[in-house]
Amino acid sequence: MTHAEIVRATESLAIGPRRHDLLDTYLRWTNDPVVMRGNGRFEPEEREVLRAALDVMIAGPNAHFTVYDRLRTDPHGGPLPIGTATLSIDHPVAAAEFFITLGDEGRGRGLATPATRLVLDFAFEEAGLENVFLAVLEPNVAAIRAYTRAGFQRIGHRRRSALWAGSRVDEVLMDAIPMSLETA
């Protein structure tokens, strides 16, 4: 087991790079029915496909994080991994698309907003980004609320662009800029 490398932290949460030794944990989260529904997916990810993707993530130019709960520990005494977050960065324009997944260890505990805010702080203060955007399925009201509390604002929607539990739904488009965090 690799010890968690921490990139940025608060008293209760931390983010660090994705880790090969957490592949099976990432796979469990990715294939969780709640996560699959929230991402509009119907088919589970295969382990070897995720392993190849993880290799690309770790070697690539984007910011791929593991999210940790610092108030709970894993079996080896480190902070408990509870999810993942990604900033898919367009370096020439200093913008990124944001993605977050919380596993069952992190859901229902009010951690989505502070985890999102931690990644936004990294994006604006350390990565020098000027804009972070996301798309979220409209029925995912809890996610929209968490993103809004973290500093994202609605900027539009894509009509009938995704599936939620087999039904056609809109995607809500949101973004955050450094100034928007001052009021969040």
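Contact here means heavy atoms within 4.5 Å, and helices (H or I, at least four residues) and strands (E, at least two) are DSSP runs, numbered from the N terminus. The views below come from a predicted model, in which local features need pLDDT of at least 70 and side-chain atom pairs count only at pLDDT 80 or more, while totals for chains, interfaces and linings use all residues. Residues are numbered from 1 along each chain as its sequence is written, and side-chain values use heavy atoms, with hydrogens and water left out.

**View 1. Helix 5 and its buried side.** Let us begin with helix 5 (residues 141-150). Its buried residues pack against strand 5, helix 4, strand 6, strand 7 (153-164) and strand 8. Which residues of helix 5 are buried? They are A143, I144, A146, Y147 and A150, where buried means under 20% relative accessible area, exposed over 50%, and partly exposed in between (1.4 Å probe, protein chains only). These residues lie on the same side of helix 5, because they cover an arc of only 165 degrees around the axis; the arc is that of the directions from the helix axis to the C-beta atoms.

**View 2. F152 and its surroundings.** Look next at the loop between helix 5 and strand 7, where F152 has its place. With a relative accessible area of 2%, F152 is buried. What does F152 contact, leaving aside its neighbours within four places in sequence? Its partners are F98, T116, L120, V132, F133, L134, Y147, M174, D175 and A176. For a sense of distance, the C-alpha atoms of F152 and H20 are separated by 31 Å, and the two residues are 132 residues apart along the chain.

**View 3. The largest nonpolar core.** A nonpolar core is a set of buried Ala, Val, Leu, Ile, Met, Phe, Trp, Tyr and Cys residues joined through side-chain atoms within 4.5 Å. The largest one has 36 residues, and L87, F98, L129, V132, Y147 and F152 touch the most other members. Two or more residues come from each of strand 2, strand 3, strand 4, strand 5, helix 4, strand 6 (131-137), helix 5 and strand 8 (167-176). Helix 4 gives the most to this core, with seven residues. Another core, of 10 residues, lies apart from it and has L22, L23, L27 and L50 among its members. In soluble globular proteins, nonpolar side chains tend to be buried together.

**View 4. Strands side by side.** Two strands pair if DSSP finds at least two bridges between them. Strand 2 (residues 13-17) and strand 3 (residues 63-73) run antiparallel and are joined by five bridges, with A14 opposite Y68 in strand 3. Strand 3 also pairs with strand 4 (residues 79-90), again in the antiparallel sense, over eight bridges. Here F65 has A85 in strand 4 as its bridge partner. Strands 3 and 4 form a hairpin with five residues between them, and G77 in the turn has a positive phi of about 90 degrees.

**View 5. T101 in strand 5.** Where is T101 found? T101 sits in strand 5 and is buried, at 16% relative accessible area. Not counting residues up to four places away in sequence, T101 touches W29, V35, I82, G83 and T84.

**View 6. Charged pairs.** A salt bridge is a side-chain nitrogen of Lys or Arg within 4 Å of a carboxyl oxygen of Asp or Glu. How many salt bridges does a search of the whole structure find? It finds 13. In one of them, D21 meets R19 (2.8 Å, N to O); D21 is partly exposed at 34% relative accessible area, whereas R19 is buried at 7%. Another joins E48 and R51 (3.1 Å, N to O). E48 and R51 are separated by about one helical turn, because they are three residues apart in helix 3 (residues 47-59).

**View 7. A link between distant parts of the chain.** D69 and R109 form a salt bridge, their closest N and O atoms being 2.7 Å apart. This pair links distant parts of the chain, 40 residues apart: D69 in strand 3 and R109 in the loop between strand 5 (95-102) and helix 4 (112-126). D69 is buried at 2% relative accessible area, while R109 is partly exposed at 41%. Elsewhere, salt bridges that share partners join D24, R47, E48 and R51 into one network.
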